[in-house]
Amino acid sequence: MKRALCTLIFLFIQSLNAQKILIPMDLKQTDHLKAYGIAYWTLTKGIEVDWLLNYRGGSFMMDGHNIIASECRIRGVYFEEISGASAAKIYAEIQEDDNNMDVVRLEKAPKIAVYVPPNFLPWDDAVVLAMEYAEIPYDKVWDEEVLQGKLYEYDWLHLHHEDFTGQYGKFYASFATAPWYIEQQVLYEKKARELGYRKVSELKKAVARAIKDYIASGGFMFAMCSATDSYDIALAAENTDICDVMYDGDPPDPDFQKKLDYSKCLAFENFTIERNPLRYEYSDIDIPPSDMAGMVNQETDYFTLFEFSAKYDPVPTMLTQNHANIIKGFMGQTTNFKKSLIKKNVVILAEKEGTEEVRYLHGNYGRGTFTWYGGHDPEDYQHAVGDPPTDLRLYKNSPGYRLILNNILFPAAKKKQQKT
Amino acid sequence: MKKIIFTILFASVLVFPQQRNLENKFRIAQNYEAIGDWESAVKIYEEIYAADSTNFLYFDALLRGYDQLKKYDAAIRIIKSRLQKQPNDINLLSKLGKMFARSGEIKEAENVWQSIIDANLNNLSVYSIVANAMIESRFFENALRVYQQGRKISKVESAFAAEMGYLHSLLMNYIDATREYLILLKQSAEQLNFIQSRISMYTSKSEGLKSAIFVTESALQKEPKNISLNRLIAWLYMEGKDYEKAFSIYKIIDELTKAGGKEIFTFAEKAKRERAYSTASKAFQEIIINYPKFQNISAVKFGFAETLENSLEEADSIRIIGDVVTLNQNVSRNDSVYKIYNDIVTLYKQVAEEFPNTDYASRALYRVANVYFRKFFDIEGSLKAVNEIENKYRFSGNIYVDAILLKSKLLIVKDEIAEAISKLEWIAKFQGATVEQKDMAKYILAELNYFLGNFQVALAGLQEILKNQSSDIVNDAIALQVLIQDNLEDEKNLILYSKSQFLKRQHKYEKAIELLREISKTKSELATYSISEIGDILTLSGDYKNALAEYEYLLTNFPDDLLADKTIFKIAEIYNYALKDFKKAEEYYKKLLEEYPSSIYVNIARQKIREIRGDVL
């Protein structure tokens, strides 16, 4: 008994003396984006990471190994070496009922797949940019892999500027003669036929359904820009044809609007599909800048992150960890989601105050979740086709990009017992 | 007769209002169509088509309506009914095929399209009509088969080659696409530009470029003297940045076309523009050796020397590292590159001698002066070339002013200060000089005053430069201004320090080190700067061992000095580039990150560590 007590006291003292590495994620952090990469890299080394929700901007804490400190220095991530006693003090502060904070222990590095077309497209993909800058490994998947069920090998599926409606991004009016557009259409048609689908739109619907099944069985989906609304539209249009002749070789079903089945959608309902095949919009889910003439201004375009209870709603809290709660707006083919068209069970994570514009949302489906983020590139207000990719070395502390990277770690979280 | 006329009139009275009625309804239906109400439009079209099925406009409108409403069965029915009256109407049959395709009855569509061809086997335009209908329905493979059949029937090898090439490229069959374009090229060499533009649709992809090269090389093996094929393969090699292969082909083209070096010259200029200096220099040399009477030989010789010099510069592993240390850039006479630089100088001199009073001559002399100064530190050699420009090429514009700038630097090294000042003052006022040249002259003047201990004059000169914040020399001007201002009160040591820098500029290293040692023993703020300078001078001399010792001394004895981070970085750079001890280099880069996380050198140190680790970024 005496011996056991001694051992316990020894371990306690040792834990007090043990060094910890704290990676603050507040304004002191020199490179917020690479900090996620360090957390991920640490997990790959078999070392657990604590995500300190709402503590100094959602900081990370881990055991004080020299290799972690060295890697932080090499990657330019600010960190603090603190004693076990200081760490214990931080944990105690977090656990206080009055503080809206919590600790989430991350145990394993999640496997991430990014849905990326095999061909070159003349725009960048913020999701891929964020992963590559943060040095977080990911695999690329495309339609064939999704239909073969390969998604089940991954914890996360990330998507960006995709079009699940089979209308090739509705770029026809501007880029019908551009080589990349022609090649994209032929390539997708060829793939559709190879996989046994008469039309690309049918293939994309099948892919959308496969992704939905993946979520239902516990997968996590993060989507940006047009991969959000076009995904739900594809699900709703399962039994009708919304594509005009230039997209699938035949006219759309004149009654497609009536035939939409909103019950199939994850996030939206009662939306109206854009009938004009030449207009660069899918539906009224997104409020395009043209509809807000004079109201859209880069200088005043900001959206606000909601605050959630860290101890009771850890997932939305994780998704909104940031060092700023007012984020610079940015446009995309799908910039925002009209609030009145969002299903009631969906959690709104960020919105432009005083407007109908929701920018970031989250929901559960089956055993999995989906998180959708409007806009194309958080650091390029109006990213146009052919623009060079954003150099994230210039935006190391981007709050907008942080929201993307919040969507990689939570499958690593150890399941905690519900508080209620 | 009367009866007949009466009957006709009576019939007209009955028919014309009915016709007018149909036309009115047709217009109403068209209005519905315009607003997208296809249901209402089709109802009316059906009504008027029932009343007059012979009218093509009514038929066509109804067909359009059925298509829009996806009533493909109805569309097929009316086409078939019309076909009963016009069974050989190719357009109708083609529309029937299209409707079958849209309804998903692919087999039926293919049968209809094939039936059109079967009925018009020898009519080549029918193949185009059918293939276009297929392309419209996005059946590219079918369209290809139709064109192939057409070619077979026509017995013309090049029939539909452009169309088939395009379809193959769409389907990413780059080998077949290139084959088709080569058939076209064989038929007409004038089509080379068109063919290049078509092939360029896929050469940006490695697979596309590889395929195009493979096919063209194979064709060339059979016809090695085919000029168009040679031009095409040369262009493909250039697309793939394989300049050496492109050069070998241009030599063949030059020979085949008896161009007397013109083709090689064109290539050399292209390669120079693409910064492929090594290959470009070979091409220029080829002309010099084989076509000594080449029309534009002055450009060739200058190009040869210039590209040779540039390729040497690019391959030079001893280069300025970071922004802190200049490793020894002078070429020793024992160095193997000395001979090449010497050859380059000889070439430039030849250009100047053989083509006097030309632009090439003045440029060549300026390059000679530069090589002598920067590479050999041969002041007299450099001055000789500069003097020649000054005497003979007064009207050669920028080159003349650049030469005078260079001369002022040479005069400073030679201690001929009064003349240097006069030259610099002249440039600063000369209307023909560019703003950059004037700013540079002002800076050299200010620096010279600093060297001479005229600190207030130097400061006034620097202030003048700082008025133009966009100037390239502004950063240097600020650095010098800060150095002078910070140490003005310690004038004795500042004078010693500036003298030492003057001596360093004159390559009088031992004397410079002597003065610096003197300062380093004092408690002056310039003491650590002096130790650092000694290290820099030793580095410049290639004495890395002693340079490292100076830097280490500085670190050990003045760990909190402002220069500490820069010194660690210098040590790391010497290990990395001069001594190739990458482990040590990594160790020092890491030391910098650990001990001076706010240093301006951390970003570059991080990058260097990752390069040493071989990280893929």
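How many residues does the contact take from chain A and from chain B?

## Contact between the chains

In this predicted model, the contact takes 15 residues from chain A and 20 residues from chain B. On the side of chain A that touches chain B, the elements that give two or more residues are helix 3 (66–75) and helix 8 (179–194) of chain A. Helix 8 of chain A gives the most to this side, with five residues.

Sorted by class, the side of chain A that touches chain B holds six nonpolar, three polar and six charged residues.

## Domains of chain B

Chain B is divided into domain 1, covering 316–433, and domain 2, covering 531–613. Between the C-alpha centres of domain 1 of chain B and domain 2 of chain B there are 32 Å.

## Nonpolar cores

The largest nonpolar core has 176 residues. Those with the most contacts inside this core are Tyr45(B), Val130(B), Ala364(B), Ala369(B), Ala572(B) and Leu592(B). Helix 19 of chain B, residues 359–376, supplies the largest share of the core, 10 residues. Domain 1 (316–433) and domain 2 (531–613) of chain B each contribute at least three residues to this core.

Leaving aside its neighbours within four places in sequence, Ala369(B) is in contact with Ser382(B), Ala385(B), Val386(B), Ala403(B) and Leu406(B). Another core lies apart from the largest one and has 109 residues, among them Ile112(A), Tyr188(A), Ala192(A) and Ala237(A).

## Strand 2 of chain A

Strand 2 of chain A spans residues 49–53, and five of its five residues are buried, so the strand is largely enclosed by the rest of the structure. Val49(A), Trp51(A) and Leu53(A) point one way from strand 2 of chain A, while Asp50(A) and Leu52(A) point the other way. The residues on both sides are buried.

## Partners of strand 2

Strand 2 of chain A pairs with strand 5 of chain A (residues 102–106) in the antiparallel sense, over five bridges. In this pairing Leu53(A) stands opposite Asp102(A) of strand 5 of chain A.

Strand 2 of chain A is also joined to strand 3 of chain A (residues 59–63), by three bridges, and these two strands run antiparallel. Here the bridge partner of Leu52(A) is Ser59(A), in strand 3 of chain A. Strand 2 and strand 3 of chain A form a hairpin with five residues between them. In the turn, Asn54(A) has a positive phi of about 65°.

Definitions and conventions. Residues numbered from 1 in each chain as written. Chains lettered and ligands numbered in written order. Predicted model: local features only at pLDDT ≥ 70, side-chain atom pairs only at ≥ 80, totals over all residues. Domains from an automatic or database assignment. Core = buried A, V, L, I, M, F, W, Y, C linked by C-beta atoms within 7 Å. Buried ≥ 20, exposed ≤ 12 C-beta atoms within 10 Å, placed from the backbone. Helix = DSSP H or I, 4+ residues; strand = E, 2+ residues; numbered from the N terminus. Contact = placed C-beta atoms within 7 Å. Nonpolar A, V, L, I, M, F, W, Y, C, P; charged D, E, K, R; others polar. Pairing = 2+ DSSP bridges.
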